[in-house]
Amino acid sequence: MERATKCIPIPTAKRFVKQCIVAGGAKEVHAQAMADTLIAADHRGHFSHGLNRLEMYVKDIQTGSTVGDGEPVTLKESAATAHVDGKNNLGPVVGNYCMKLAIKKAKECGVGWVVAKGSNHYGIAGFYALQAVEEGLVGFSFTNSTPCLRANRSSSYTLGSNPISCAAPAVADDAFVLDMATSTAAYGRVEINHRKGIPIPNGWGADPNGRETNEPSEVLNGGGLLPLGGAEESGGYKGYGLAMMVEMLCGILGGGAYGPNVRKWGTTSREANLGQCFIALNPDMFCDGFGERMQDLMDSQRNLTPSEKDKPVLVAGDPERMHIKKCEELGGIPYPTNVVDHMNGLAKELGVKPM
Ligand SMILES: NC(=O)c1ccc[n+]([C@@H]2O[C@H](COP(=O)([O-])OP(=O)(O)OC[C@H]3O[C@@H](n4cnc5c(N)ncnc54)[C@H](O)[C@@H]3O)[C@@H](O)[C@H]2O)c1
């Protein structure tokens, strides 16, 4: 049965998030950065990283475990690189600062590579990679995150679902936008199956002893996620390797927390000190015609004969594009009514106008 939804216009959703974050104690520009990131996630169809995380960010600001009014600082810089201390500001504040710097450097010398420590959860990785695309550049973004994923052969959960995003401009406003966790499925998807009372597919998660399971409650209560690819036999060691690569680019390179040292979800007694990495690359520094060749490559895949009727071949970024189109047709983002009700309960506590 379809769940009841309520369509919220994007400006309303952003106003709501901004006011809740301000009510929590952050300054307006920081709250705006958070609103832009969270609502972009929902708009793109990644509901696991949107409005439903708002309460956690408000709590982080209220308890002072995240700073609501500071500024990131550049510690070390070369023409193409920068090392940034996020100073424990909200993740999107740090992410926007770093990506802006990477874009500036890429325009000046072909590539900009910026690594931060002292950051917080920054939402969807694609939000930052897409900022480079808007400037005609190729963008990459990576973050480490709370330990919830196990190495192959391990029984404990010591790595994050460390996402990778790579976005590349094609012709007009078309773009390749890969934005993915290095776990097979994001944690939020396991929660959704749990709420619906349905098992999870093979390769998603494992129980508290590290054994693969199809039972979402075992994953959520002491278990965790499997790396992209699932079990060792199905290539899960490749996802494990990618999660380690993200740790190297983020926590190790930047000097923030890494691997099992990253704080757990919901912990407010110490700073998250996440590591994040942002790269912008100017394709004009290489062979002419990048956008046209990128478009040709993407279209060559999209135009393939589908193996299943009514399931066209897509390229990364297409599902999100389809969701954005759906939102346009609906006149807003379709949220489950229970999510809207829950958010309005939070708004009441904070003295904010409901959605
Ligand atoms: N901040 C964090 O700590 C954190 C951690 C994990 C994930 N995330 C975010 O969660 C979001 C969801 O991650 P996910 O791995 O569940 O995403 P997903 O599995 O829904 O999609 C991953 C990628 O695959 C592409 N894709 C999906 N179906 C496709 C198809 N049929 N053909 C071609 N391409 C297709 C999508 O466009 C996307 O680029 C991402 O935005 C990610 O950045 C954030």
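## Lining of the second largest pocket

By class, nine nonpolar, three polar and eight charged residues make up the lining of the second largest pocket. The model is a predicted one.

The second largest pocket holds about 560 Å³ of space. Its lining numbers 20 residues, and those closest to the pocket centre are His43, Arg44, Leu130, Glu134 and Ile324. Two or more lining residues come from each of the helices α1 (10–24), α2 (28–43), α5 (126–133) and α10 (318–330), and from the strand β9 (175–180).

## Two domains

The protein is divided into domain 1 (1–63 + 315–355) and domain 2 (73–178 + 243–303). Their C-alpha centres are 22 Å apart. Where the domains meet, 24 residues of domain 1 are in contact with 24 residues of domain 2.

Both domains take part in the second largest pocket: domain 1 and domain 2 each supply at least three residues to its lining.

## Aspartate 174

Aspartate 174 is located in the loop that runs between β8 (164–169) and β9. With a relative accessible area of 14%, aspartate 174 counts as buried, because the cut-off for buried is under 20%.

The side chain of aspartate 174 makes a polar contact of 2.7 Å with the side chain of arginine 302. Leaving aside residues up to four places away in sequence, aspartate 174 touches Pro169, Gln295, Met298, Arg302 and Arg321.

Definitions and conventions. Residues are numbered from 1 along each chain as its sequence is written. This is a predicted model: local features need pLDDT of at least 70, side-chain atom pairs count only at pLDDT 80 or more; totals for chains, interfaces and linings use all residues. Side-chain values use heavy atoms; hydrogens and water are left out. On a 1 Å grid over the protein atoms alone, a cavity is a set of points where a 1.4 Å probe fits but cannot get out, and a pocket is an open set with protein on both sides within 12 Å along at least five of seven lines; lining residues have an atom within 4 Å of a point. Grid points are joined across faces, edges and corners, and a volume is the space filled by probe spheres set on the points. Helices (H or I, at least four residues) and strands (E, at least two) are DSSP runs, numbered from the N terminus. Ala, Val, Leu, Ile, Met, Phe, Trp, Tyr, Cys and Pro count as nonpolar, Asp, Glu, Lys and Arg as charged, and the others, Gly among them, as polar. Domain bounds come from an automatic or database domain assignment. Buried means under 20% relative accessible area, exposed over 50%, partly exposed in between (1.4 Å probe, protein chains only). A polar contact is a pair of N or O atoms within 3.5 Å; within protein, one must be able to donate a hydrogen and the other to accept it, and residues adjacent in sequence count only if both atoms are side-chain atoms. Contact means heavy atoms within 4.5 Å.
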